[in-house]
Amino acid sequence: MKMNIFKQFIKSLYSPKDISLFRFQGIGKTILYVFFLTFIAVIPTIYFLSTSIVNSVEEIKNSIENEFPDFYIEDGELHSDENKPITIPADDMTIQFDSTGTITSADIRSDQNTVALLKDEFVFVAGGQVQTYDYSMLTGMTFSKQEVTEYLAAADSFLVIVLPIMAIFIYLFSAGLRFIEVSILALIGLLIKRMLNRNLQYRHTWRMSAYSITLSTVFFTVMASLQTVVPNGAMISWLVGVIVLLLAIKEVPQPKKS
């Protein structure tokens, strides 16, 4: 069945019958479709994360320069004379400073758009993604408040390189998870085909599984674009994928009785 990837994308949103027919196409085209789905899925994450980083650099620099106490990072720890955490609400984010060890990265993982200089690590939360960097990576190096401010002032020129690398990493990591999801769903498809008495092999259920996750992928991409968290999202995603695959397998004709 010859159909370009965009038509397959549309058909996979509503037509289990077409998904069942995709089992006959080449594996290369199916793999390409999984990469295509992954690209769609990561667009909101990459966009919000990149935008947040770009908009945050200047705010962080100004906050460190004007509102943070004098500090230095040495031997993997943040040191200052401040005896309590500092929280600075900015336009689109929250900036935290804590050299006392009161706040940990676990305390801010559920926050939105937060940057924190903590006792032993730097934490950045944006677009639902949490990035942590231990100061221990700076072994043998000491950074003062002035030096950190100067580095941030020069950060704009590095973002042109850092952001594309970050986007590629997110995309490849997400693609790997997507292939694992399809492979597991295809195994579930083997159980379904046995219950429904359909003549299918793993290569068939794998191809069908790749298209069965289209609906859930689009739904969660839209939710991510709206920055809306879906309760039990992973469970819903798997449930939708299994239901669509079940409907697609039902469209496969039963073997003729001899």
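This is a predicted model: local features need pLDDT of at least 70, side-chain atom pairs count only at pLDDT 80 or more; totals for chains, interfaces and linings use all residues.

Residues are numbered from 1 along each chain as its sequence is written, and side-chain values use heavy atoms, with hydrogens and water left out.

**Stop one: a nonpolar patch**

Select F169, F173, L177, I180, I184 and W238: together they make a nonpolar surface patch with about 610 Å² of accessible area. Accessible areas here come from the Shrake-Rupley method with a 1.4 Å probe, and for residues only the protein chains shown count as cover. A patch takes residues with over 30% relative accessible area and no salt bridge, joining nonpolar side chains (Val, Leu, Ile, Met, Phe, Trp, Tyr) within 5 Å and like charges within 9 Å.

Now colour helix 6 (residues 155-195), which gives the patch its largest share, five residues. Helices are DSSP runs of H or I with at least four residues, strands are runs of E with at least two, and both are numbered from the N terminus. Zoom in on L177, which sits in helix 6. L177 counts as partly exposed because its relative accessibility is 46%; the class lies between buried (under 20%) and exposed (over 50%), with a 1.4 Å probe and protein chains only.

**Stop two: salt bridges**

How many salt bridges does the structure hold? There are two, each being a side-chain nitrogen of Lys or Arg within 4 Å of a carboxyl oxygen of Asp or Glu. Side chains of opposite charge can pair when their charged atoms come close.

Next, select E77 and K119, which form a salt bridge with their closest N and O atoms 3.8 Å apart. This pair links distant parts of the chain, 42 residues apart: E77 is in strand 2 (residues 77-80), while K119 is in the loop between strand 5 (114-117) and strand 6 (121-126). E77 is partly exposed at 33% relative accessibility, as is K119 at 23%.
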